[in-house]
Amino acid sequence: MIEIDVVIVGGGFSGCAVAANLARAASQISSLALFEPDELGRGAAYGTRHREHLLNTRASQMSLYPDDPDHFVRWLGSRGGPDDFVPRQLYGEYVGEIARRVFERPRFGQVRARVTSVRRWAGGGFIVESTSGACFGARNVVLASGHLPPGDDFLPLEVLLHPGYVSDPWRFDYRAVAGDVFVIGAGLTAMDVLVGLKASGHRGMVHVLSRNGRFPNVHAQVAPYDVIPALDTSGTAALLHSLRRHVDEAAQRGFDWRAVLDALRSEADAIWRRLSPVEQSRFERHLRSYWERHRHRAPQRVDAVREEYARAGRLRHHAGKLTRMKDGEATIVLRGDSGRVTVRPDWIVNCSGFRQAARMSRDPLLGSMLADGLVSRDQGGRGLRATPDLRAIDQDGNRVPGLFVVGPPARGSRFEATAVPELRVMADLAAHDIIQRLRREAALLGA
């Protein structure tokens, strides 16, 4: 068995960012292995096959390093400015280039395999096994496995068996698509589907289904808000009321609502933790989609594609629920007793978002760790439980020393765990704590 200081599971943004921050303190890290079978830096977000897919955040906010906010803009050079929404493929190149430099260091390496098992090691730390057959004894493990595919446990079986069903909308090549398309979900991923379809020369109809019949809002160039709003966290209704009051007050002073929400970004997790578990559940049921639509906005160039489809009469947005699919025909019950419509699609794309509970259980690694009790889910099934400093929490409610959860898997404990400005802070925090942990161990051994 190979003994090693740090194992990182996943080579998307989160895993690469942890590795990059650890490499800054290489004197404390003698060995590191990052498990990723595919190209570094891509993951679900940046592995798209379509250059037309853009970042949903301006380049000025996309540095991998929180203490060097201009790093990505400098890397771009003449390829983009700080206010640009650049291609996601290009951003994947940026993250991958940083990661490849990390692994030029001695005893820092990428293992092109998937981790199948992480379990406690009697000697301290963890035993990590993978599809390559290699077995590692790791003093620290970082779970940075990224997004699982959208949940599909709520869909009729015939949808899953449809020959045109697309379960992973992020890496799919839309050049293969012809005819009518049924998109389940209306968030930013659905907008990306429209962009991919247009870029591929699609000429058919697109039917989009969502609960509320609304697409994400659109970015605009706005002046930054000059205060951080103090919101009432006594309950979900009070939270919404106080947010609306701040937006109204800001508008009277000439500030756009987008600036208010952007000002809340650094405080979002603290606000979330102040809500009781009951109110957090209520927020998830009633306000999460409202927040996502306003907080996670689309670039104007992306929204222009949606408008083009709509003007051409090739886009229908249905607010309602898919109740059945039979003989290739989907039945949608419209919201508010407005009747029903039927759709006979050639393709069905699942953009429904992160219903992680069922997916985690079926994932070979997370499923085994949940079964062993090494990690645990939050009550809402959004992700894994972790402490504020990102230590995993086991089934008995205890923090697990040396086991860190970074990125989308931490959605069970973090309000925001999917966008780079939050992910890079998480990666930096995990790397800092690992370094401190190794320093303490070294001091004890030296003593």
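This note comments on one helix, the aromatic contacts and a few individual residues of a predicted model.

1. Basis of the remarks. The model is predicted, so local features require a pLDDT of at least 70 and side-chain atom pairs count only at pLDDT 80 or more, while totals for chains, interfaces and linings use all residues. Residues are numbered from 1 along each chain as its sequence is written, and side-chain values use heavy atoms, with hydrogens and water left out.

2. Helix α6, geometry. Helices (H or I, at least four residues) and strands (E, at least two) are DSSP runs, numbered from the N terminus. Helix α6 covers residues 188-199, and at 1.5 Å a residue its 12 residues should span 16 Å; the end C-alpha atoms are 17 Å apart, which agrees. The expected span is 1.5 Å times one less than the number of residues. Just after α6, G201 adopts a positive phi of about 85°.

3. Buried means under 20% relative accessible area, exposed over 50% and partly exposed in between, with a 1.4 Å probe and protein chains only. Of the 12 residues of α6, 9 are buried, so the helix is largely enclosed by the rest of the structure. The buried residues are L188, A190, M191, D192, V193, L194, V195, G196 and L197. Their packing partners include α4 (88-102), β8 (181-184), β9 (206-210) and β13 (347-350).

4. The α6/α12 crossing. The axes of α6 and α12 come within 9 Å and cross at roughly 70°; axes are lines fitted to C-alpha atoms, for helices over the stretch in contact, and angles run from 0 to 180 degrees between N-to-C directions. The two helices are therefore roughly perpendicular to each other, a term that covers 65 to 115 degrees, with under 35 roughly parallel, over 145 roughly antiparallel and the rest oblique. On the α6 side the contact (heavy atoms within 4.5 Å) is made by M191, L194, V195, L197 and K198, and on the α12 side by V302, D303, V305, R306, E308 and Y309.

5. Aromatic pairs. The structure holds 15 aromatic pairs. Rings of Phe, Tyr and Trp (its six-membered ring) pair if their centres lie within 6.5 Å; planes under 30 degrees apart count as stacked, over 60 as edge-to-face and the rest as tilted. W272 and F415 form a tilted pair, 5.1 Å centre to centre with 35° between the planes. This pair links distant parts of the chain, 143 residues apart: W272 belongs to helix α9 (residues 268-274), F415 to the loop between β15 (399-405) and α15 (420-446). Both W272 and F415 are buried. Elsewhere, F13, Y46, F72, W75, Y91 and Y94 form one aromatic cluster.

6. Charges over rings. A charge sits over a ring if NZ of Lys or CZ of Arg is within 6 Å of the ring centre and within 35 degrees of the ring normal. The charged end of R288 sits over the ring of W272, 5.8 Å from its centre. For R79 and the ring of W75, the distance to the centre is 4.1 Å.

7. Most residues other than glycine have a negative phi. D327, in the loop between β10 and β11 (329-334), has a positive phi of about 55° and is exposed, with a relative accessible area of 59%. L390 has a positive phi of about 75° and lies in the loop between α14 (364-372) and β14 (391-393); at 0% relative accessibility, L390 counts as buried.

8. R265. This arginine lies in the loop between α8 (257-264) and α9 and, at 18% relative accessibility, counts as buried. Not counting residues up to four places away in sequence, R265 touches R295, A419, P421 and E422.
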